[in-house]
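Subject: Handover of a structure and notes on its contents

Dear colleague,

Please find the structure below, passed to you for your further work. My notes on what was found in it follow directly after.

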Amino acid sequence: MSEIISVNEVKKIYSVGGQEIAALDGVSFTIQKGEFVAIMGPSGSGKSTLMHLLGALDTPSSGTYTLDNQDVSAMSDDQLAEIRNHKIGFIFQAFNLLPRTTALKNVSLPMMYAGIPKTERQKKATHFLELVGLKDRLQNTSSQLSGGQQQRVAIARALTMSPSILLADEPTGNLPTNQSFEIMSIFQQLNEEGHTVIMITHEPDIAAHAKRVITLRDGKIIKDQLNKKRAVRKHSK
Ligand SMILES: Nc1ncnc2c1ncn2[C@@H]1O[C@H](COP(=O)(O)OP(=O)(O)OP(=O)(O)O)[C@@H](O)[C@H]1O
Ligand SMILES: [Mg+2]
């Protein structure tokens, strides 16, 4: 296995009304290619702050973050945008799909922005939508899909640019339990196929699907453990 992420003594300090708040207070860990990691912790523990750093949406106040052998902590805004577009497949709690737009189009859009020709876009988008079990829903708009189906479209979209990591922020936060577990089965399948998955969640029964769980409290890692009794779900395509 090779190292894909290295976070070293990372701090993120916010200054509010003259007072300094350490949202992250000296966090260090590495992630190998092919891991499936859940990041847990109570409200205010620093999960979203960490997600923003890992997703190259922000840089640390101090410490280093290396993704795919590139030092992201020292990058300019333009370089960060490049990393976001090519190395990170984002999956958000609120799906972030265009509403009156078909699944096929939603998945194709990032490839369009990247200048990939139309026939290749269509082929790839169809492939990834099939992969997440939506081959019968290519022409449905977002409002014609259930929450779980919309999240699957978002996962297909995240896969299109062959990202180094899939980064999910509370991916099941808006979903009922059965649809949440369906999303977990897709993450497990993608992980078996070699994708590196990092998922932020505050729900223990969702984190139970990951191979490793990192727990934050007050901006520090208080636990980093392999999940010996992992919940395994079969994906029905
Ligand atoms: N932009 C900001 N300015 C000032 N303080 C912030 C900012 N963002 C986060 N914080 C503070 O940093 C700490 C960590 O916040 P963060 O959003 O990372 O927590 P979280 O673990 O994602 O919580 P939740 O589960 O509620 O989403 C909190 O104390 C929060 O108030
Ligand atoms: Mg948060």
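A residue is called buried here when its relative accessible area is under 20%. By that criterion, Lys47, Thr49, Leu50, Met51, Leu53 and Leu54 of helix α1 are buried. Six of the eight residues of this helix are therefore buried, and α1 is largely enclosed by the rest of the structure. Just after α1, Ala56 takes a positive phi of about 60°. Please bear in mind throughout that this is a predicted model.

Ligand site

The shell around ligand 1 consists of Tyr14, Val16, Ala23, Pro42, Ser43, Gly44, Ser45, Gly46, Lys47, Ser48 and Thr49. By class, these are four nonpolar, six polar and one charged residues.

- Gly44 places a backbone N or O atom 2.8 Å from an oxygen atom of ligand 1.
- Gly46 likewise has a backbone N or O atom, at 3.0 Å from an oxygen atom of the ligand.
- Thr49 contributes a polar side-chain atom, which lies 2.6 Å from an oxygen atom of ligand 1.

Ligand 1 exposes 640 Å² when taken alone, and the protein buries 60% of that area. Two elements, β1 (3–16) and α1 (47–54), each give two or more residues to the shell. The largest share, three residues, comes from α1.

Surface patch

Which residues form a nonpolar patch on the surface? They are Tyr14, Val16 and Ile21, with about 260 Å² of accessible area together. Tyr14 and Val16 also belong to the shell around ligand 1. Ile21 lies in strand β2 (residues 19–32) and counts as partly exposed, because its relative accessibility is 43%.

Salt bridges

Asp58 pairs with Lys12, the closest N and O atoms being 3.3 Å apart. Asp58 lies in the loop between α1 and β4 (62–67) and Lys12 in strand β1, so this pair ties together parts that are 46 residues apart in sequence. Asp58 is partly exposed, with a relative accessible area of 26%, whereas Lys12 is buried at 10% relative accessibility.

Glu35 forms a salt bridge with Arg212, with the closest N and O atoms 3.1 Å apart. Here distant parts of the chain are linked: Glu35 is in the loop between β2 and β3 (36–40) and Arg212 is in strand β9, 177 residues apart. Glu35 counts as buried at 12% relative accessibility, and Arg212 counts as buried at 8%.

Arg212 also meets Asp224 in a salt bridge, at 2.8 Å from N to O. Because Asp224 lies in strand β10 (residues 220–226) and Arg212 in strand β9, the pair ties together parts that are twelve residues apart in sequence. Asp224 is partly exposed, with a relative accessible area of 36%.

A buried histidine

His209 is found in the loop between α7 (204–207) and β9 (212–217). Is His209 buried or exposed? At 0% relative accessibility, His209 counts as buried. A polar atom of its side chain lies 3.1 Å from the backbone oxygen of Asp205.

With kind regards

Definitions and conventions: Residues are numbered from 1 along each chain as its sequence is written. Chains are lettered from A and ligands numbered from 1 in the order in which they are written. This is a predicted model: local features need pLDDT of at least 70, side-chain atom pairs count only at pLDDT 80 or more; totals for chains, interfaces and linings use all residues. Side-chain values use heavy atoms; hydrogens and water are left out. A residue is near a molecule or strand if one of its heavy atoms lies within 4 Å of it. A polar contact is a pair of N or O atoms within 3.5 Å; within protein, one must be able to donate a hydrogen and the other to accept it, and residues adjacent in sequence count only if both atoms are side-chain atoms. Accessible areas come from the Shrake-Rupley method with a 1.4 Å probe; for residues, only the protein chains shown count as cover. Helices (H or I, at least four residues) and strands (E, at least two) are DSSP runs, numbered from the N terminus. Ala, Val, Leu, Ile, Met, Phe, Trp, Tyr, Cys and Pro count as nonpolar, Asp, Glu, Lys and Arg as charged, and the others, Gly among them, as polar. Patches are made of residues with over 30% relative accessible area and no salt bridge: like charges are joined within 9 Å, nonpolar side chains (Val, Leu, Ile, Met, Phe, Trp, Tyr) within 5 Å. A salt bridge is a side-chain nitrogen of Lys or Arg within 4 Å of a carboxyl oxygen of Asp or Glu. Buried means under 20% relative accessible area, exposed over 50%, partly exposed in between (1.4 Å probe, protein chains only).
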